[in-house]
Amino acid sequence: MVERQDEGAGQLAGHREAIEQGRTALGIELGSTRIKACLVGPDNAPLASGSHDWENQLVDGVWTYSLEAVRTGLQESVAALLADVERQYGVRPTTVGALGVSAMMHGYLAFDDAGELLVPFRTWRNTTTERAATELTGLFGHNIPLRWSVAHLYQAILDEEAHVPQVRHVTTLAGYVHRLLTGQHVLGVGDASGMFPIDAATKGYDQRMLAQFDEAASGHGFGRGLADLLPGVLPAGADAGVLTEEGAALLDPSGTLRPGIPLCPPEGDAGTGMVATNSVAPRTGNVSAGTSIFAMVVLEQPLERVHDELDLVTTPAGDLVAMVHCNNGASELGVWAEVFGQFAAALGQPAEPGAVFEAFLRSALDGDADGGGLLAYNYLSGEPITGLEAGRPLFTRTPDSRLTLANFARTQVYSAFGTLSLGMRVLAQERVELDAMFAHGGMFKTAGVAQRLLAAALGAPVAVGRTAGEGGAWGIAVLAAYRASAAGAAAPAQDLGTYLGTEVFADAALDVVEPDADDVAGYAAFLERYSAGLAVERAAVAALRTRDTTQESD
């Protein structure tokens with residue numbers, strides 16, 4: 001016992017020394033519902049964290065976050081992290097070895113010459129760019145999804161929006177925050193690949209497509225070259241500037257954090273998910289489950305043809321990735337957990353939200369393999385893969401279905417994976433092969449539930465690591481540490497995949513779940529029901545839109 005106490009005291013002292021000497025890395029990720037800061041030590045293990053909850057708003061039909069909410073959330077998450085460090089280690093860090101920012105990909109943040117936001121931030125959740133995305137996809141011969149930044153810009157041009165002539169630069173949320181901290185208008189290549197297509201050879205924007213865009217846009221009176229508006233593109237490990245005095249004051253108004261901290265290129269949540277699951281090499285992939293859910297598969301070679309269901313993006317190192325992105329993920333699960341929590345409180349048995357969510361999730365394991373014939377759609381917003389421009393959350397059943405808590409819970413989990421499965425079928429048709437699929441995100445904190453059911457949905461083994469719940473904040477902290485490993489050199493000595501394999505995940509413990517045959521058969525039955533029932537979802541969207549139109553005319 002004394003030896004264990006001595007070991008614990010020695011470890012604590014080692015962590016404190018690393019913090020005092022700045023041999024740490026700080027990652028900040030702005031997710032859909034939470035802004036999280038994560039501090040890692042020299043071994044890349046998490047030392048402390050802080051977070052701030054926030055929600056997107058539907059303002060005049062646009063899903064958005066205010067820039068004031070961005071600044072407030074940054075400050076509160078960093079303040080919470082600094083307090084956590086002080087509570088655990090008795091010191092308050094004045095510096096870190098490197099810093100990184102990541103955030104939700106895509107969307108539209110357009111600024112004028114003075115750096116003023118021209119229109120409210122249009123997030124990835126907005127699906128109002130169908131004409132632009134369709135025209136650009138045909139023009140480029142490359143799928144341009146509705147949520148990509150170039151689709152938003154081109155739609156604004158087509159719609160002759162008043163702000164368009166004033167646009168001087170366009171960026172993502174991560175790029176915006178990075179510019180606040182460093183003054184640099186740059187992006188990591190992974191995040192940039194969700195703005196505009198990347199050339200696999202040069203790992204920069206595709207020059208042919210840039211020229212095609214400029215020609216098409218000029219035909220609608222837009223005279224600026226797109227290359228001048230987009231952020232510069234940087235690979236993982238590159239020098240992306242340092243924390244300025246203004247940036248330090250923004251992050252930490254108390255003045256504890258000093259300027260001069262080097263930053264890694266800002267990345268998107270897809271890229272940090274790949275890093276957090278060590279899936280940046282060909283034939284590896286990962287599933288990230290949050291407000292949205294998406295799968296990333298690193299390709300050995302380009303796909304044979306264009307698919308509307310697949311984005312072509314890149315890893316943070318610039319390697320080609322096929323992305324199956326679904327706008328709707330685990331949010332509906334959280335809503336139902338809140339309802340059950342309210343029911344428990346009404347019975348006089350209140351419980352912590354986390355405990356309610358875990359109990360609800362675990363009950364899914366006791367359900368019938370096919371969910372008892374129940375059917376649910378988690379569509380809080382539109383879903384391009386299934387051709388729905390708006391969402392209507394639905395739960396329905398037939399008179400002979402088996403409605404139990406366990407079947408209801410399993411059906412809700414299956415629903416979170418339904419659209420993803422439809423997109424993954426396209427990859428299978430392209431004969432894309434996988435050696436490993438990793439999963440991360442809050443759903444996977446409850447061991448053995450979402451992981452097992454995802455294995456059934458994919459028909460493949462699913463691995464979850466100890467950092468599954470840390471997600472992108474830890475992933476961008478690791479990318480910051482990778483930048484710090486260059487130690488003043490132009491680039492790190494190791495490529496990103498080697499660094500992750502030898503320095504981060506060499507001794508990582510993984511929990512791998514093989515697909516259960518009964519679950520696979522049950523999920524297949526559910527997915528058949530899910531596909532057939534999309535007609536119900538479409539009818540709900542159409543009916544409620546008709547109602548809304550009628551009310552507006554009245």
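I began with Glu 160, which at 69% relative accessibility counts as exposed, the cut-off for that word being over 50%. The model I am reading is a predicted one, and I keep that in mind for every entry below.

**Entry 1: residues with positive phi**

Glu 160 sits in the loop that runs between α4 (149–158) and β8 (169–171), and I noted that its phi is positive, about 55°, although the residue is not a glycine. I then looked up Asn 44, also not a glycine, which has a positive phi of about 70° and belongs to the loop between β2 (34–40) and β3 (46–53). Is Asn 44 buried or exposed? With a relative accessible area of 3%, Asn 44 is buried, whereas Glu 160 is exposed.

In α3 I listed the buried residues, and they are Ala 132, Ala 133, Leu 136, Thr 137 and Phe 140. Around the axis these residues cover an arc of only 125°, which puts them on the same side of α3. The general rule I had in mind here is that an α-helix has 3.6 residues a turn, so residues three or four places apart point the same way. On the face turned away from the buried side of α3 I found the exposed residues Thr 134 and Gly 138. The cover over the buried residues of α3 includes α4 and α7. Following α3 comes Gly 141, for which I wrote down a positive phi near 70°.

I next asked how α3 (residues 130–140) packs with α7 (residues 207–218), and found an angle of about 130° with the axes 10 Å apart. That angle makes α3 oblique to α7, and the crossing in which α3 passes α7 is right-handed. From α3, the residues Leu 136, Leu 139 and Phe 140 meet Arg 208, Met 209, Gln 212, Phe 213 and Ala 216 of α7. Sorted by class, this contact of α3 with α7 has six nonpolar, one polar and one charged residues.

Moving on from α7, I looked up Gly 221, which lies in the loop between α7 and α8 (226–229). Gly 221 is exposed, with a relative accessible area of 68%. I also checked how far Gly 221 is from Glu 503, a residue 282 places away along the chain, and the two C-alpha atoms are separated by 51 Å.

Which residues of helix α12 (residues 353–363) are buried? I found Val 356, Phe 357, Phe 360, Leu 361 and Ser 363. Seen down the axis of α12, these buried residues fall within an arc of 160°, so they line one face of the helix. Among the elements covering them are α11 (331–346) and α13 (405–429).

Those two helices also pack with each other, since I found that the axes of α11 and α13 come within 9 Å and cross at roughly 155°. The cut-off for roughly antiparallel is an angle over 145 degrees, and α11 and α13 are therefore roughly antiparallel to each other. The crossing of α11 past α13 is left-handed. On the α11 side I wrote down Glu 332, Leu 333, Trp 336 and Phe 340, which meet Leu 405, Phe 408, Gln 412 and Val 413 in α13. The residues of this contact divide into six nonpolar, one polar and one charged.

**Entry 2: Thr 446 and helix α14**

Thr 446 is in the loop between β18 (436–440) and α14, and at 8% relative accessibility it counts as buried. What does Thr 446 contact, leaving aside its neighbours within four places in sequence? The contacts I found are Glu 358, Leu 361 and Arg 362, and Leu 361 is one of the buried residues of α12.

Last, I looked at how helix α14 (residues 450–458) packs with helix α17 (residues 517–532), and found an angle of about 65° with their axes 8 Å apart. α14 and α17 are therefore roughly perpendicular to each other, and their crossing is right-handed. Arg 452, Leu 453, Ala 456 and Ala 457 of α14 make the contact with Asp 519, Val 520 and Tyr 523 of α17. By class, I recorded five nonpolar, no polar and two charged residues in the contact of α14 with α17.

How values were computed
Residues are numbered from 1 along each chain as its sequence is written. This is a predicted model: local features need pLDDT of at least 70, side-chain atom pairs count only at pLDDT 80 or more; totals for chains, interfaces and linings use all residues. Side-chain values use heavy atoms; hydrogens and water are left out. Buried means under 20% relative accessible area, exposed over 50%, partly exposed in between (1.4 Å probe, protein chains only). Helices (H or I, at least four residues) and strands (E, at least two) are DSSP runs, numbered from the N terminus. The arc is that of the directions from the helix axis to the C-beta atoms. Contact means heavy atoms within 4.5 Å. Axes are lines fitted to C-alpha atoms, for helices over the stretch in contact, and angles run from 0 to 180 degrees between N-to-C directions. Angles under 35 degrees count as roughly parallel, over 145 as roughly antiparallel, 65 to 115 as roughly perpendicular and the rest as oblique. A crossing is left-handed if the near helix is turned anticlockwise from the far one by less than a right angle, and right-handed if clockwise. Ala, Val, Leu, Ile, Met, Phe, Trp, Tyr, Cys and Pro count as nonpolar, Asp, Glu, Lys and Arg as charged, and the others, Gly among them, as polar.
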